[in-house]
Amino acid sequence: MRRALEEARKSAALGEVPVGAVLVDDSDRLIAAGHNQPIGARDPSAHAEIVVLRAAAQKLGNYRLPGCTLYVTIEPCVMCVGALVHARVRRLVYGAAEPKTGAIESTHRLFESGEFNHRPEIASGVLADECAQLMTDFFTARRKLKKPAD
């Protein structure tokens, strides 16, 4: 998760929402790392999770990623959960919940329906305070920039 936090900081430095992700294989070997970049890439699907899944699929030569664990700093959204299912990621580990768009425990609880043909193992709350603080700091700074001068 620390490596995912490094990636999230890269996003923040670029003015992107600070979300980072890494994918490792079953022996904890790093396959891919990435961060949010929808603004810079001009791609609404360029969330950290999608960036990492694409890079890993290219590296491994297969869109299926069984035996892999995805670490992401913030609870994935609906789009990213769909990509995890299609990629057959074995395990998802995330830091902080995302109360506005999170699709695991927050706004949606997609895996509770039992309707998906794949369900990764899920662990949440890993370095949650640090992951959440990065988001809080980013949006606090952004709001300050938007306020007119007194």
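**Close-up 1. Residue classes in the lining of the largest pocket.** Sorted by class, the lining of the largest pocket in this predicted model comes out at 13 nonpolar, four polar and six charged residues. The pocket itself has a volume of about 580 Å³. In total, 23 residues line the largest pocket, and the ones closest to its centre are Val 17, Glu 98, Thr 101, Met 135 and Phe 139.

Close-up 2. Two helices, α2 (38-41) and α5, each put at least two residues into the lining of the largest pocket.

**Close-up 3. α1 against α5.** Here helix α1 (residues 2-13) packs on helix α5 (residues 128-146), with an angle of about 5° and the axes 11 Å apart. That angle makes the pair roughly parallel, because anything under 35 degrees counts as such. On the α1 side, the contact is made by Arg 2, Leu 5, Ala 8, Arg 9 and Ala 12, while α5 brings Glu 130, Cys 131, Leu 134 and Phe 138. Split by class, the contact of α1 with α5 has six nonpolar and three charged residues, with no polar ones.

**Close-up 4. α3 against α4.** Helix α3 (residues 48-60) and helix α4 (residues 78-87) pack at about 25°, and their axes sit 9 Å apart. So α3 and α4 are roughly parallel too, again because the cut-off is under 35 degrees. The crossing in which α3 passes α4 is left-handed.

**Close-up 5. Who touches whom between α3 and α4.** From α3, the residues in contact are Glu 49, Ile 50 and Leu 53. They meet Met 79, Cys 80, Ala 83, Leu 84 and Ala 87 in α4.

Note on methods: Residues are numbered from 1 along each chain as its sequence is written. This is a predicted model: local features need pLDDT of at least 70, side-chain atom pairs count only at pLDDT 80 or more; totals for chains, interfaces and linings use all residues. Side-chain values use heavy atoms; hydrogens and water are left out. Axes are lines fitted to C-alpha atoms, for helices over the stretch in contact, and angles run from 0 to 180 degrees between N-to-C directions. Helices (H or I, at least four residues) and strands (E, at least two) are DSSP runs, numbered from the N terminus. Angles under 35 degrees count as roughly parallel, over 145 as roughly antiparallel, 65 to 115 as roughly perpendicular and the rest as oblique. A crossing is left-handed if the near helix is turned anticlockwise from the far one by less than a right angle, and right-handed if clockwise. Contact means heavy atoms within 4.5 Å. Ala, Val, Leu, Ile, Met, Phe, Trp, Tyr, Cys and Pro count as nonpolar, Asp, Glu, Lys and Arg as charged, and the others, Gly among them, as polar. On a 1 Å grid over the protein atoms alone, a cavity is a set of points where a 1.4 Å probe fits but cannot get out, and a pocket is an open set with protein on both sides within 12 Å along at least five of seven lines; lining residues have an atom within 4 Å of a point. Grid points are joined across faces, edges and corners, and a volume is the space filled by probe spheres set on the points.
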